[in-house]
Each structure stands twice: as structure tokens, then as C-alpha cells.
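Here is a short briefing on one protein model. Keep the sequence and the 3D view open as you read.

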Amino acid sequence: MELKYILYSALLCQVAVSVLSTANPGANAKTKKLLKVLSGMGDRIISGAFGGYNLFVHEVGFSMEQATEIKKQTGKSPAVYGMDCSPGWETTADGHETDIIDCFNSQIVDYAKKGGIITLSHHFPNPVYAGNRVPGNNISNNDYASILQDGTPARNRWWNMMEKIAKGLQAYKDQGITILYRPFHEVNGDWFWWSALPDQSQNGERQRLFKLLWQDLFNFMKNKGLDNLLWVYSPDQSREYKKDFYPGDKFVDIVGLDWYTEDPNSYVNGYDEMISLGKPFAFAEVGPYGKSQGHFDFELFIKNIVSRYPKAVFFMPWNGITSPLKNKNIWGVYNNPKVVNLGEVKVR
């Protein structure tokens, strides 16, 4: 029996599956179904690849190249395909910050209609600074709070950003497509404006503000009627305080880790911690780090994942120099017997 029918039968029978409710109680039927599928993967893991940054034209700009080349080299296509909506290092004229954001791409729609699962992330522009002209990675807690305070310039810019994001997410809803939506990744690091501060003494307040910001975005999209979203929370594996920034069970559907490593046989930091939250777990962003880039053995990496972290439901390597296409043994990634590829999961 083909794997897609095995998975579908398991879904219908709900055998040995802990079926979770969506964070948005009003999520549509397809979105609830996808969460059930992810909850019922057992010891199998869904393959992924990152297509790049929308609105960006260089090597890491969005294209279908990752999927096309993976299929050419392995005979398989990734089931999860990712895009980033915001190349957040770009700048604009004052008042045009939303020009950096665009979550809709027709090529992703076509991939979803072939059975693909779509995940969207953001490298958000910084709403504190006009034109995203940012003097550094971090902002103070006072600046952070201003994003949530009605009437401030930061709040107005953030509101306009949320409106632009919602427009793109609505376009997927109109096509009947559920999105794995992954904002604010790696929050426990200190390299993004939304994330932790280097001074840990300031991070109790930062954690409180972050939770409010996540909830603000969640409630905005919920109030827009966007019932096609599964919310993915993915801190960085290399830093502590993974659960301290967690926005709450009512605002998250899937938990994960971003994991970059030089050693494909290394242990990930935080798997048990994230599993304890009781949500489906994913390796939301993975790849080689440092000197291993360009000769990282992805086949060993996937064997490591499926043997040590059997509750992981999908993995998504990034593109560029961290892509399986730019490293070693790609065939063994997508042909691992535990890996589920495009066409082998019934989600529509």
C-alpha cells in the first residue's frame, strides 16, 4: 500500500494519535486536517527545502530551484517548501517599510496544489526605525514596548506591516491553502530586533514583551478571519531560555528548533524541552555551520535526526551554502526510508 494511503487511513482511524486542537479554534477544516496529519507521523519525518526570500533576486532570492534540483538529483521532491516574506536587511524611503514585505508567490501556490505543504517565515523590517534604517541588531525594551503602544510611530509602522502580511496570507486562503506560519524565529538569540538582549538581566521584561508581540500578531490575523494558519514557534537550539519566550499554548500549533551544526552526528540542544510542550515538533530550519559549509554530510545528518529525534515531524534545510544541494550526499536525505516526500502525504 502506498504511504500516502497508509497515512490517510491512520488519520481517519486516529490510531495511536494524540490529536491536538488548533490554536485558533476557528481554523478551517483543511488546516485542522493538516495538524492531525502532522500529529500522526509516528516515527516518519516529512522532507523540506527552503526556496528563498521573496522580493530578493540574488542567490538566496526565492525560486523553485531547490525543489527542481533536488528532484533531478534524488528522484524525490521535498514535501514542505519554504519562503521568507521579508528580506529584512533592505531599506526603504520613510513610510514605505511595507515594501520590504510580500508573503504571496504564485509558484508556491502551484506547489501546494501538487500536494506540497507551504511554510512562511519573516526577517521582519524593524518598525522602530523609519525606512528600516537600523543602527544595530537590538532595540531597547522601551523601544520594543512602543511597538505595542497605540499612537506611536512604531505602532503605526507595525500595524501597516501586519496589514501587508495579512493581504498575502488572505491570498493563500482564497486558494484553499494552509500555511505553516513561522514568525519571530530564533527569539532566544540576540541577532534580531525581536529577540533577546545580550544582557540577560534585561530579558525577563523582554520575554514578557515578546509574548505580547506574538499574541498581537496572532490576534490580528485571527480577527482578519485568517483561518488557514498553523503557528510555528522555533527558538534557536544553541541558546538557552527556549521555553521562557514561549507565547502560550493558545497561540502556538507547532514547536521546533532551528539547528545549525558543524557535526552531522552532534546532539541537538533542547529537543526534550520542546517536546515537553505537548505540540508537534519540527526541525524548522537546519543546515551546516561554519567550516562544515560546502562539505556537510546531509545523509548522516538525517540518519542522526531519525534515530535520535523520532518525534520530529518535518525538517527544512535552508538554501545557499547551507542547502543540501551545496553539500554532500543529498540522495540519502530524500531517499531515507523514514523520510516522506511530495506525493506521499495526503493533506488536501
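Which residues does Leu120 touch, not counting residues up to four places away in sequence? They are Met83, Cys85, Cys103, Leu169, Tyr172, Ile179, Leu180, Tyr181 and Arg182. Bear in mind that this is a predicted model.

**Nonpolar cores**
- The largest nonpolar core has 81 residues.
- Leu120, Trp158, Phe184, Met221 and Phe283 have the most contacts inside this core.
- A second core is separate and has 18 residues, including Met41, Ile46, Ile117 and Phe314.

**Ile165**
- Ile165 sits in helix H6, which covers residues 153-174.
- Its relative accessible area is 0%, under the 20% cut-off, so Ile165 counts as buried.
- Beyond its neighbours within four places in sequence, Ile165 is in contact with Ile101, Cys103, His122, Phe124, Tyr181 and Met221.
- Ile165 and Gln293 are 128 residues apart in sequence. Their C-alpha atoms are 32 Å apart in space.

**Positive phi in two loops**
- Most residues other than glycine have a negative phi.
- Asn132 has a positive phi, near 60°. Asn132 lies in the loop between strand S4 (117-121) and helix H5 (141-147).
- Is Asn132 buried or exposed? Asn132 is buried, because its relative accessible area is 4%, under the 20% cut-off.
- Phe184 also has a positive phi, near 55°. Phe184 is in the loop between strand S5 (179-182) and helix H7 (203-223).
- Phe184 has a relative accessible area of 1%, so this residue is buried too.

Key. Residues are numbered from 1 along each chain as its sequence is written. This is a predicted model: local features need pLDDT of at least 70, side-chain atom pairs count only at pLDDT 80 or more; totals for chains, interfaces and linings use all residues. Side-chain values use heavy atoms; hydrogens and water are left out. A nonpolar core is a set of buried Ala, Val, Leu, Ile, Met, Phe, Trp, Tyr and Cys residues joined through side-chain atoms within 4.5 Å. Buried means under 20% relative accessible area, exposed over 50%, partly exposed in between (1.4 Å probe, protein chains only). Contact means heavy atoms within 4.5 Å. Helices (H or I, at least four residues) and strands (E, at least two) are DSSP runs, numbered from the N terminus.
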